[in-house]
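Trainee: Could you walk me through how to read a few features of this model?
Mentor: Gladly, let's take them one at a time.

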Amino acid sequence: MTSHLRRDDTTNCEPPDPANTLTDRLNTLLNSSGPGYVLNLCPGKQYIITAPILFAASNQEISTVGYPTGDDRATLVVDGPVANGTGHTTAIDGTCANCDGVRLRNVQVNGTRLGAPPTSGGANIEMGGSNSNQLIEYVHSFDPRSWSCLHVAQGNLSCNNVTVQNNDIGPAGSDASRQWADGISVACQNSLIRNNMINNPTDGGIVLFGSPGTRVENNTIWVDTHTLLGGINMVDVSPFGGDFNDVVVTNNTIAGGFASQTAQGSETKGTNDNNVIIKVGIAIGPRTWFGNAYGNNVSTGGTVLNNQLTGGFSYGIAISSATNFTVEGNVLIGNTSFIGTRGPDCTANGPTPAPAAFVIDPSNVQKSKIQLDFTSVSNGDRLTCVSPPDGGDYWPFGGNPTSSAPPVSPADTSPPTSTSHSSTGTTIGIIFGAIAAVVLVAAITWFVRKWAVRRSEARMHLNNSRDSIGFARQKD
């Protein structure tokens with residue numbers, strides 16, 4: 001839908017004034033209007049709310065009139081009281097008992113942490129629950145007071161088929177210890193997470209809490225001002241017991257920090273003004289994140305295919321405590337560095353592997369098909385304990401994507417092959433080798449393209465999604 005509405009057009013929308021009745025007015029409209037009601041917000045306006053806005057019936061929608069995709073989107077501002085570390089953290093909640101098919105479109109959510117310590121509570125946006133076929137699209141969610149910009153919850157493990165697409169997410173949290181926050185956090189089965197731009201999260205860019213049957217594709221995660229613990233995380237045991245069956249993570253771009261200066265002469269590395277890295281680009285298995293906290297629990301059954309990494313990391317992909325995983329065709333593009341030192345959270349007596357592109361602990365990875373260029377390490381526990389270098393010429397030259405210009409995909413290359421072999425009676429699909437030189441062919445350069453290209457492509461999906469909400473996962 002093309003919008004020609006002015007920023008001051010309030011003829012078809014619920015105004016933010018009077019401010020002292022705003023939260024109650026919005027909730028009353030949703031609660032009294034029944035299924036299918038559309039709460040139209042005014043373009044360019046700020047809605048300063050003091051409690052969550054609650055979806056109340058199936059197929060309701062909250063959106064900005066005209067469906068703008070930039071700064072003209074209405075902004076909900078979290079402004080309720082906070083005391084002693086608890087208080088108002090959630091702007092919109094779509095987890096009601098009858099919230100099948102609800103839609104959150106073309107709005108912004110400002111969580112207003114503003115550098116404060118995290119507040120205990122829900123994410124900026126809480127969706128999912130025991131519901132199906134919800135849609136979140138063209139939403140900008142940033143600066144959450146609590147732990148995530150967007151959380152799609154599992155309900156009683158019956159959440160199903162939620163689509164999260166074309167959103168711009170972040171910044172989120174601080175990279176100071178225990179003050180982190182996620183970009184997108186998903187615990188809903190058979191969902192689709194695609195075409196999202198996630199900038200400067202600090203805990204996980206996209207965190208999958210199992211979410212069996214979910215597809216994560218064509219997302220871009222990057223950092224430029226804050227260190228990120230993990231780009232895409234497949235590490236959590238709860239709530240599905242580590243079940244990642246039929247989860248596919250594919251064609252995503254993850255960009256760590258770059259040098260803050262332009263290369264001079266023959267320089268290949270430079271300094272980063274904020275010492276920013278991504279500690280683990282893609283983390284697989286609970287031990288990579290939590291060490292031995294979950295004992296013998298493993299992540300099971302996921303596929304990580306054809307993702308691309310660029311910039312500064314400690315570890316590009318790390319695998320420990322996993323079974324029946326397929327990890328193939330993932331590549332480095334542009335300029336990369338793998339850097340980091342033992343941090344204060346590292347185990348005193350445990351070895352921390354040297355930073356590297358792809359690392360695996362073969363002692364606890366079984367029945368998996370892994371691309372050839374992984375390096376075997378003796379201890380893959382708690383790899384996020386590393387710290388970025390404190391200055392120095394370690395960061396690659398290149399550049400970060402922006403919300404209006406994501407990086408271009410690299411030219412097609414033949415992915416590293418994989419194989420399987422038996423070890424002590426258990427089939428383990430792992431063969432280790434040096435990083436294949438084919439990955440670095442012909443000096444792949446760092447490009448930018450206009451965000452309008454992605455928007456145009458995404459709108460091809462949008463026409464269908466406005467009529468048929470949600471995503472029915474297609475079996476490969």
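This is a predicted model: local features need pLDDT of at least 70, side-chain atom pairs count only at pLDDT 80 or more; totals for chains, interfaces and linings use all residues.

Trainee: In what order do the 11 strands of the open sheet run?
Mentor: In general, strands of a sheet pair through backbone hydrogen bonds, either parallel or antiparallel. Here the order is 1-4-9-12-15-18-21-24-29-32-36, with parallel pairing. Strands are DSSP E runs of at least two residues, and helices H or I runs of at least four, numbered from the N terminus; two strands pair if DSSP finds at least two bridges between them. At the edges sit strand 1 (38-41) and strand 36 (369-370), each pairing on one side only.

Trainee: Which residues touch the most other members of the largest nonpolar core?
Mentor: Nonpolar side chains in soluble globular proteins tend to be buried together. A nonpolar core is a set of buried Ala, Val, Leu, Ile, Met, Phe, Trp, Tyr and Cys residues joined through side-chain atoms within 4.5 Å. Buried means under 20% relative accessible area, exposed over 50%, and partly exposed in between, with a 1.4 Å probe and protein chains only. In this 73-residue core the answer is I284 and I319. Strand 30 (residues 308-319) contributes the most, four residues. Another core, of 12 residues, lies apart and includes L229 and Y315.

Trainee: How many disulfides are there?
Mentor: A disulfide is a pair of cysteine sulfur atoms within 2.5 Å, and that rule gives four. Counting bonded cysteines along the chain, the pattern is 1-2, 3-4, 5-6, 7-8.

Trainee: Why is the disulfide of C159 and C188 left-handed?
Mentor: The torsion about its S-S bond is about -90 degrees, so it is left-handed. The sulfur atoms of C159 and C188 are 2.1 Å apart. By contrast, the torsion for C346 and C385 is about 90 degrees, so that disulfide is right-handed.

Trainee: Is C188 buried or exposed?
Mentor: C188 is buried, at 0% relative accessible area, and C159 is buried too, at 1%.

Terms used
Residues are numbered from 1 along each chain as its sequence is written. Side-chain values use heavy atoms; hydrogens and water are left out.
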